[in-house]
Amino acid sequence: MSNRSFHYQCYVHRDWIDYNGHMNDAAYATVFSLAVDHLMDYIGLNAEARSHQAYTIFTLENHICYLKEAHQDEQLTVSMQLLDADAKRLHVLFKMKNNENQLLATSEQMLMGMDTEDGRPAPFPEKVASQVEAIWNVDKHLAQPEQAGRRIGIKK
């Protein structure tokens, strides 16, 4: 893990644009999924480590809030706030922003560490757990993001 906070960058691909002229909702999910892959690298679970340790991370739940449109060729930057963690789970909120630092979307996720040999949840390997702890020691002091913990429903 570097001394800077986690972020993932990409551009809006032409094939992500829908009939409304902006990024399709499924493409937002793709970007957040790619951000999870980069988060795994960031905490020490790159492809080699996943293979060597027979360990990976699965997404258990995901809640995306679409806040602004993204357009073709626009640069996207995804940052992450760790909302909570235990020995084998990460509760995270990803924030997707554009070059003007406008918040385009958020993705609240529950991620689970998995032993790939047993196919069952398992505690993070020691090096990964220490990286998670380092992130948590910073993020636990941050305010709860507005989009975190929301539920879907029609207000009555």
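Tutor: Buried means under 20% relative accessible area, exposed means over 50%, and partly exposed lies in between. Keep in mind that this model is predicted.

Student: Why is Arg50 called partly exposed?

Tutor: Its relative accessible area is 25%.

Student: What makes the pairing of Asp41 and Arg50 a salt bridge?

Tutor: The N to O distance between their side chains is 3.9 Å. The cut-off asks for a side-chain nitrogen of Lys or Arg within 4 Å of a carboxyl oxygen of Asp or Glu. So the pair qualifies.

Student: And Asp41, why is that residue partly exposed?

Tutor: Asp41 has 40% relative accessibility.

Student: How many salt bridges does a search of the whole structure find?

Tutor: Two. Asp86 and Arg89 also form one, with their closest N and O atoms 2.4 Å apart. The limit is 4 Å, so this pair passes.

Student: Why do such side chains pair at all?

Tutor: Side chains of opposite charge can do so when their charged atoms come close.

Student: Are Asp86 and Arg89 buried, partly exposed or exposed?

Tutor: Asp86 is at 33% and Arg89 is at 36%. Both values fall between the cut-offs, so each residue is partly exposed.

Student: How do you know whether Gln147 is buried or exposed?

Tutor: Its relative accessibility is 9%. Buried means under 20%, so Gln147 is buried. Gln147 sits in the segment after helix 3 (126–139). Among the residues Gln147 touches are Cys65, Leu67 and Leu103.

Terms used: Residues numbered from 1 in each chain as written. Predicted model: local features only at pLDDT ≥ 70, side-chain atom pairs only at ≥ 80, totals over all residues. Heavy atoms only, no water. Helix = DSSP H or I, 4+ residues; strand = E, 2+ residues; numbered from the N terminus. Buried < 20%, exposed > 50% of the residue type's maximum accessible area, 1.4 Å probe, protein only. Contact = heavy atoms within 4.5 Å. Lists of a residue's contacts leave out its neighbours within four places in sequence.
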